[in-house]
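Here is a short walk through one protein chain. Keep the structure in view and find each part as it comes up.

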Amino acid sequence: MERKKRFILLGVIGLSLLAACGKETEQAQEEQTQAEEDFDYSWVSEQTEYEGFTQEEITEKAVSWEALFSGYDTVLQDTYENFRLPESVTISPATLYKQVEIVRESDFTENAEEIFRWFLGDVTTEEPAFDDIETMGQATWIMDSEEEKVYCAVMDCGFVSVVKPSGYEIRFNGNFEVADIVHIDRGEPLSQSYALLDGEESIQEAVSYIEEWMNQNWIMWEPDFTYSVKTVEVRRYKDNYIYDFHVEKFFDGIPLDDDIGYTGMEMDTYGNLKLKYVGSDIYIRMCNRNSIDVFSNLTGILRVQSVEEEKEGWLSLSDCAHMLEQLFSEYVVYEISDIEMQYVLCPDYASINAEVKHYSYMQPGMRILAKPVWCFVMDIPEEKLLNEDGSFTAGYQKHYIDVDMRTGEVWLELE
């Protein structure tokens, strides 16, 4: 039942999922209203947030930038009572900022027709006929043509969701069986090939195509970042396969967190759901060789406004790992599959105009503070990726434990 509630939550706080499913506008709005009525907020654990080190401890433990990247082997070889670390990690960024100030895009619906032609101009001659609606407190342009078999949705915050004719019947359906999951960021082999709808293509060839396309094309809309495929899910579809890609955004060599943080979630007096941190993930589905058949950037377009540098006052991986040992239950041994360094994106709700009564974490123009964390990753076992009917959910799901590299504050997403 808990997993079912997770999907209801996503339906409430993300128009991205409603729009991505290609629902007719009226039906999508009805489903959103019903999801809001059905959602059980008691699902969110109240015991998953920790304040971290005291100021005295931070002063005592903090190290310089140069010392931050030494001693990994010793940390990984240490013995911990309640979790096991991976044998090796690769973390070597050239730059890490104390804080990065980001602003979410605004008024992006003015680009809707250009986005339509940009993605779909080569597969349809139809002029886009968008429905202009308001969802999540912002303008949304959406069109769904069953005749042309194309779909396009654009929101003011820069959310983009597009489906080509080649992916129209499949769309964002996540219940196709997962045949393989390849973690590109962990250096797993990519030589294996699968038969897509129009022929066989290796994962290596597909990943190269996606990364080249993102860094040559999508970068025009978000020029502050570079892009790399993090994970590939191989799914069975009838007698063939399709590839699902999860693409990370990197700022000066450090990825932005792709997780949505339920920890610390609250609702204000106007019914606005306020998340402590938000994700930034780009999802692409490839049905045919070297083709982007389904695309969504999930939480919109981001612009870097400023950075704050600091060479001192960082918390080492060793200190953070030993602190987690004190927080974890002594009756469970957690298997850490990877350790990453990334920026967690924390919305600044005070940056929203006070006259705006209804808003979301995807609010156009919202200020977002990106904070560096040590991220401890736990893969979810395959048997826990099954729906009640035995079909697979999104195989990409993971648990994250983030430790702020400046304060030691910990966020656990273990539900």
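Two strands count as paired if DSSP finds at least two bridges between them. Keep that in mind while looking at this predicted model.

Start with strand β6, residues 150-155. It pairs with β7 in the antiparallel sense, over four bridges. Tyr 151 stands opposite Val 163 in β7. Four residues lie between the strands of this hairpin, and Gly 158 takes a positive phi near 95°.

Now look at the two faces of β7. In a regular strand the side chains alternate between the two faces of the sheet. In β7, Val 160 and Val 162 are on one side, while Ser 161 and Val 163 are on the other. All four are buried, so both faces are covered.

Next comes helix α8, residues 203-216. Its 14 residues reach 20 Å from the first C-alpha to the last, close to the 20 Å expected at 1.5 Å a residue. Which residues of α8 are buried? They are Ile 203, Ala 206, Val 207, Ile 210, Trp 213 and Met 214. These residues cover an arc of only 135° around the axis, so they sit on the same side of α8.

Trp 213 leads on to Trp 218. Leaving aside neighbours within four places in sequence, Trp 218 is in contact with residues including Trp 213, Val 160 and Phe 295. The largest nonpolar core has 109 residues, and Trp 218 is among the four that touch the most other members.

Cys 320 is buried, because its relative accessible area is 0% and the cut-off is under 20%.

Finish with aromatic pairs. The whole structure has 19 of them. One is Tyr 97 with Phe 251, a tilted pair with 5.8 Å centre to centre and 40° between the planes. This pair links distant parts of the chain, 154 residues apart. Tyr 97 is in the loop between β2 and β3, and Phe 251 is in strand β12. Tyr 97 is buried at 9% relative accessible area, and Phe 251 is buried at 10%.

Key:
Residues are numbered from 1 along each chain as its sequence is written. This is a predicted model: local features need pLDDT of at least 70, side-chain atom pairs count only at pLDDT 80 or more; totals for chains, interfaces and linings use all residues. Side-chain values use heavy atoms; hydrogens and water are left out. The expected span of a helix is 1.5 Å times one less than its number of residues. Buried means under 20% relative accessible area, exposed over 50%, partly exposed in between (1.4 Å probe, protein chains only). The arc is that of the directions from the helix axis to the C-beta atoms. A nonpolar core is a set of buried Ala, Val, Leu, Ile, Met, Phe, Trp, Tyr and Cys residues joined through side-chain atoms within 4.5 Å. Contact means heavy atoms within 4.5 Å. Rings of Phe, Tyr and Trp (its six-membered ring) pair if their centres lie within 6.5 Å; planes under 30 degrees apart count as stacked, over 60 as edge-to-face and the rest as tilted.
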